[in-house]
Amino acid sequence: PVDGATVASPAAFTLTFKHEVRLTSLTLRAAGADPRAVPGVARSLAAEHRVKAPTLAPGRYELDWRAAAVDGHVMSGTVHF
């Protein structure tokens, strides 16, 4: 989902980058709950990473991601939906 979007439970999370990166972690947090790792993160180099989403109950969520570029530069971000 796009940051700030209101959506039904997504089938997958897709992260798109300008250059190939290695997605190193993906964490999902429901409002008021502890974060949990999203399984199925392939740590291969790619410009687009698609990870199957767990079934989500209605509510507000934060999806935190962390990735590393080929040169070792580490990036991170959060998508709220």
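# A first look at strands, pockets and contacts

Asp 64 lies in strand E4, and that makes a handy starting point for a tour of this predicted model.

- The side chain of Asp 64 makes a polar contact of 2.6 Å with the side chain of Thr 78.
- Another polar contact, at 3.3 Å, links the side chains of Asp 64 and Arg 29.
- Beyond the residues within four places in sequence, Asp 64 is in contact with Ser 25, Leu 26, Thr 27, Arg 29, Gly 77 and Thr 78.
- Glu 62 is found in strand E4 too, and its relative accessibility of 25% makes it partly exposed.
- Although 34 residues separate Glu 62 from Leu 28 along the chain, their C-alpha atoms are 5.8 Å apart.
- With neighbours up to four places away in sequence set aside, the contacts of Glu 62 are Thr 27, Leu 28, Arg 29, Thr 78, Val 79 and His 80.

- Strand E1 covers residues 12–30, and strand E4 covers 61–69.
- E1 and E4 run antiparallel and are paired over 9 bridges; one example is Arg 22, whose bridge partner in E4 is Ala 68.
- E1 is also joined to strand E3, residues 45–52, by 7 bridges in the antiparallel sense.
- Within that pairing, Leu 15 has His 49 of E3 as its bridge partner.
- A further antiparallel pairing joins E1 to strand E2, residues 36–37, through 2 bridges, and here Thr 27 stands opposite Ala 37 of E2.
- E1 and E2 form a hairpin, with 5 residues lying between the two strands.
- In the turn of this hairpin, Gly 32 has a positive phi of about 80°.

**His 49 and Leu 45 in strand E3**

- His 49 has its place in strand E3.
- Is His 49 buried or exposed? His 49 has a relative accessible area of 5%, so it counts as buried, the limit being under 20%.
- The side chain of His 49 reaches the backbone oxygen of Val 21 at a distance of 3.0 Å.
- Leaving out residues up to four places away in sequence, His 49 touches Phe 13, Thr 14, Leu 15, Phe 17, Val 21, Leu 23, Ala 42 and Ser 44.
- The C-alpha atoms of Leu 45 and Val 21 are separated by 5.1 Å, while the two residues are 24 apart along the chain.
- Aside from residues up to four places away in sequence, Leu 45 touches Glu 20, Val 21, Arg 22 and Val 70.

**The largest pocket**

- The largest pocket has a volume of about 310 Å³.
- Its lining has 19 residues, and those closest to the pocket centre are Ala 5, Gly 59, Arg 60, Tyr 61 and Phe 81.
- Which elements give two or more residues to this lining? They are strand E1 and strand E4.
- By class, the lining of the largest pocket holds 11 nonpolar, 5 polar and 3 charged residues.

**The second largest pocket**

- The second largest pocket has a volume of about 150 Å³.
- Its lining is made up of Pro 1, Phe 13, Thr 14, Leu 15, Thr 16, Phe 17, Leu 63, Trp 65, Val 79 and Phe 81.
- E1 and E4 each give at least two residues to this lining, and E1 provides the largest share, with 5 residues.
- The lining of the second largest pocket has 8 nonpolar and 2 polar residues, with no charged ones.

How values were computed. Residues are numbered from 1 along each chain as its sequence is written. This is a predicted model: local features need pLDDT of at least 70, side-chain atom pairs count only at pLDDT 80 or more; totals for chains, interfaces and linings use all residues. Side-chain values use heavy atoms; hydrogens and water are left out. On a 1 Å grid over the protein atoms alone, a cavity is a set of points where a 1.4 Å probe fits but cannot get out, and a pocket is an open set with protein on both sides within 12 Å along at least five of seven lines; lining residues have an atom within 4 Å of a point. Grid points are joined across faces, edges and corners, and a volume is the space filled by probe spheres set on the points. Helices (H or I, at least four residues) and strands (E, at least two) are DSSP runs, numbered from the N terminus. Ala, Val, Leu, Ile, Met, Phe, Trp, Tyr, Cys and Pro count as nonpolar, Asp, Glu, Lys and Arg as charged, and the others, Gly among them, as polar. Two strands pair if DSSP finds at least two bridges between them. Buried means under 20% relative accessible area, exposed over 50%, partly exposed in between (1.4 Å probe, protein chains only). A polar contact is a pair of N or O atoms within 3.5 Å; within protein, one must be able to donate a hydrogen and the other to accept it, and residues adjacent in sequence count only if both atoms are side-chain atoms. Contact means heavy atoms within 4.5 Å.
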